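Here are a few friendly notes to read alongside the model.

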Amino acid sequence: MYTDAVEMVEVSPRDGLQNERREVSTEDKLALIERAIAAGSRRIEVTSFVNPRAVPQMADAEAVCDGLPDREDVTYIGLVMNMRGAERAIATGRIDQLGAVAVSTDQFAMANQGQTSDGSVEACREIIARARAEGLTAQATIAASFGCPFEGEVGEDRVLAMATAIAEAGPVEIALADTIGVGNPAHVERLVTRVGAAIHPLPVRVHFHNTRGTGLANVWAAIGAGASVVDASIGGLGGCPFAPGAAGNVATEDVAYMLERAGIATGLDLDRLIDTNRWLAGVMDKDLPAMVGKAGGFPKPENSTTERTAA
């Protein structure tokens, strides 16, 4: 039922910071990216190319790209909402993969990117085509796949139809995002299974917010249903400026701890993630939501030998 390994996408430099009131410097964003790489991250959502008046934290997108480490083994992802954002990302020469977004409902799509849900699907397809024309890859996220902050419940058939239409454009994967953290494991299992069958052989990626404490359970259910890529944010930071009530993403260190303890490899160094959590808490001047960042890993280095002997 479960896989031996899961690919992790680090989203803290973008989704983790975009809704924070405390301004984070370009230098600190680059330091966060470098720390994520040192902890084993090989796909990182580094910024978004959006209107800086709407999302001030992302106003330095080009400056962040200018400072990215030269790493052939790391895929840098830039989130884009429209063709203008895609062109900005391409122009930097540093973005490897465009992240396009479609939204499951009209009201949220209008709030998030000024277009209808169907319009967001078409924009998504156009962005994917533009990326491929430039020799880049693209991925797509269906926002509010499990519920909308404005329209409430979202039909599974609607998400399925969107995923099928987007898959025709040739992204590397399609993500199902629980933007406001209303998903539950049973719903997650059903939707991941259905979408996975519909878009096969494209992978399903999942993006969960822990607004109501179900994030880790949803990750586990998604992997059991066949999702092979998981978004997470160091420290558990995150939120959407256009989705009322959206709280932090599932924390990278929490997901890594759960999966590694279960025998599912993530390629991440938990000790380095915990160290980055503490560094980032200092940058943000507050405690971060991640539980493993507070409790630490297990077994502890100082007693692991004793515990193995006792066992």
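1. Let's begin with Arg94, which touches Cys65, Asp66, Leu68, Pro69, Asp70 and Tyr76, leaving aside residues up to four places away in sequence; contact means heavy atoms within 4.5 Å. Arg94 sits in the loop between helix H4 (83-92) and strand S4 (97-103). Helices (H or I, at least four residues) and strands (E, at least two) are DSSP runs, numbered from the N terminus.

2. A word on the source: this is a predicted model, where local features need pLDDT of at least 70 and side-chain atom pairs count only at pLDDT 80 or more, while totals for chains, interfaces and linings use all residues. Residues are numbered from 1 along each chain as its sequence is written, and side-chain values use heavy atoms, with hydrogens and water left out.

3. Back to Arg94: its side chain makes a polar contact of 3.1 Å with the side chain of Asp70. A polar atom of the Arg94 side chain also lies 3.2 Å from the backbone oxygen of Leu68. A polar contact is a pair of N or O atoms within 3.5 Å; within protein, one must be able to donate a hydrogen and the other to accept it, and residues adjacent in sequence count only if both atoms are side-chain atoms.

4. Next, helix H11 (residues 270-284). Its buried residues include Leu273, Ile274 and Leu280, where buried means under 20% relative accessible area (1.4 Å probe, protein chains only). The buried residues of H11 pack against helix H2 (26-38), helix H10 (252-261) and helix H12 (291-295).

5. At the ends of H11, Asp269 caps the N-terminal end, with a side-chain oxygen 3.1 Å from the backbone nitrogen of Asp271. Just after H11, Asp285 takes a positive phi of about 60°.

How values were computed:
Buried < 20%, exposed > 50% of the residue type's maximum accessible area, 1.4 Å probe, protein only.
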